[in-house]
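Student: Could we take a close look at one part of this structure together? I would like to go through it slowly.

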Amino acid sequence: MASVQIQDVRKAYGPVQTIKGVSVEVPDGSFVVLVGPSGCGKSTLLRMIAGLEEISGGTIRIGGKVINDVEPKNRDIAMVFQNYALYPHMTIAENMAFSLRLAKRPKSEIDTRVAEAARILGLSDYLERFPKQLSGGQRQRVAMGRAIVRNPQVFLFDEPLSNLDAKLRVQMRTELKELHARLKTTTVYVTHDQIEAMTMADRIVVMRDGIVEQVGAPLELYDHPANLFVASFIGSPSMNFINGTVADDRAGVCIEGGVTLPLPEGITASGAVTYGIRPEHLSVTDEGRGFEIDVTAVEPTGSETFVQGTLGGQKIAALLRERVAVQLGQKLRLELAAKNAHLFDPASGQRIG
């Protein structure tokens, strides 16, 4: 195992810069997820760690050694791709053993490593089958097995679950997390799915337009987003953002319709602000408390009810644990937990306080 240090790394295609001075520390044995929207540069950064993309500037170290000019095969990494990349004419055992055969490892060692990886991944009964005879989830396990047998210093995963259906993605997330807990190999994982990032990562790196917006533990990013982008990207459903003005007496944030929202605890501000509150931090309340919204959509899921509406002409959503008898066009009275609210500067997007 080894740590990965990314220091002021840049990538340019002619005059176009796609990675703009990224610095990230991946501690030894950690599971770090690079997350962000399509085109943010996360896969490009992963490919630069792997040596599949040249670095235009900065340095990347694995285990303290600069690997900018080291050939991919000599970086002691193993990469798992989105499309599995299995050889269709080879059996599962042959696919998993291929890199070891290229490295001319002894047959006894190859057989031992393949058998152990198959046992870990639940593939022992499928070693003589071909990829076309397996399900999508089983093929992804084979791709992971091919990486495991190499016993690398670092695992790199490039959106490995995006081709799987929703139920199987949930199962594979759990299996990947258990696999990391067992092997304790340093892992860098790329995804655009923030749920994957939240449930799997030790640390999350949120990227946008080739820069890092925030780095931290999942709940740190959830509870203390640095700016509007991180607040909107982390958490599902997304945080509500309501534009308003801090009242002259600073008792709350005034919005259209004569509604005043309570200031977050311990926060002082003045002038125009963007008020942030997550849907799960809203709840149904009695007359005389909170505020009324005009309901525009109701989505019951059984355990929760997702209600969308408008407040002072602005969109707002609530994720309610209780079942509510409310229809489209009706009004619903809600209150919010001010301790969970955030204020943002609408000009810079940065969180206040």
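Tutor: Happy to walk you through it. This is a predicted model, in which local features need pLDDT of at least 70 and side-chain atom pairs count only at pLDDT 80 or more, while totals for chains, interfaces and linings use all residues. Residues are numbered from 1 along each chain as its sequence is written, and side-chain values use heavy atoms, with hydrogens and water left out.

E159 is buried, because its relative accessible area is 13%; buried means under 20% relative accessible area, exposed over 50%, and partly exposed in between (1.4 Å probe, protein chains only). E159 sits in the loop between β7 and α5 (166-183). Helices (H or I, at least four residues) and strands (E, at least two) are DSSP runs, numbered from the N terminus. The backbone deserves a look too: E159 is not a glycine, yet its phi is positive, at about 45°. Most residues other than glycine have a negative phi.

β7 covers residues 154-158 and runs parallel to β6, joined to it by 4 bridges. One of the residues to look at is V80, whose bridge partner in β7 is F157. Both strands belong to an open sheet of 6 strands with mixed pairing, in the order β6-β7-β8-β3-β9-β10. The edge strands, β6 and β10 (211-216), each pair on one side only; two strands pair if DSSP finds at least two bridges between them. From one strand to the next, the twist averages 15°.

Helix α4 (residues 136-148) lies across β6 and β7, at about 175° to β6. Axes here are lines fitted to C-alpha atoms, for helices over the stretch in contact, and angles run from 0 to 180 degrees between N-to-C directions.

Leaving aside neighbours within four places in sequence, T91 is in contact with L127, E128, R129 and F130, where contact means heavy atoms within 4.5 Å.

D8 is a residue other than glycine with a positive phi, near 50°. D8 is partly exposed, with a relative accessible area of 36%, whereas E159 is buried.
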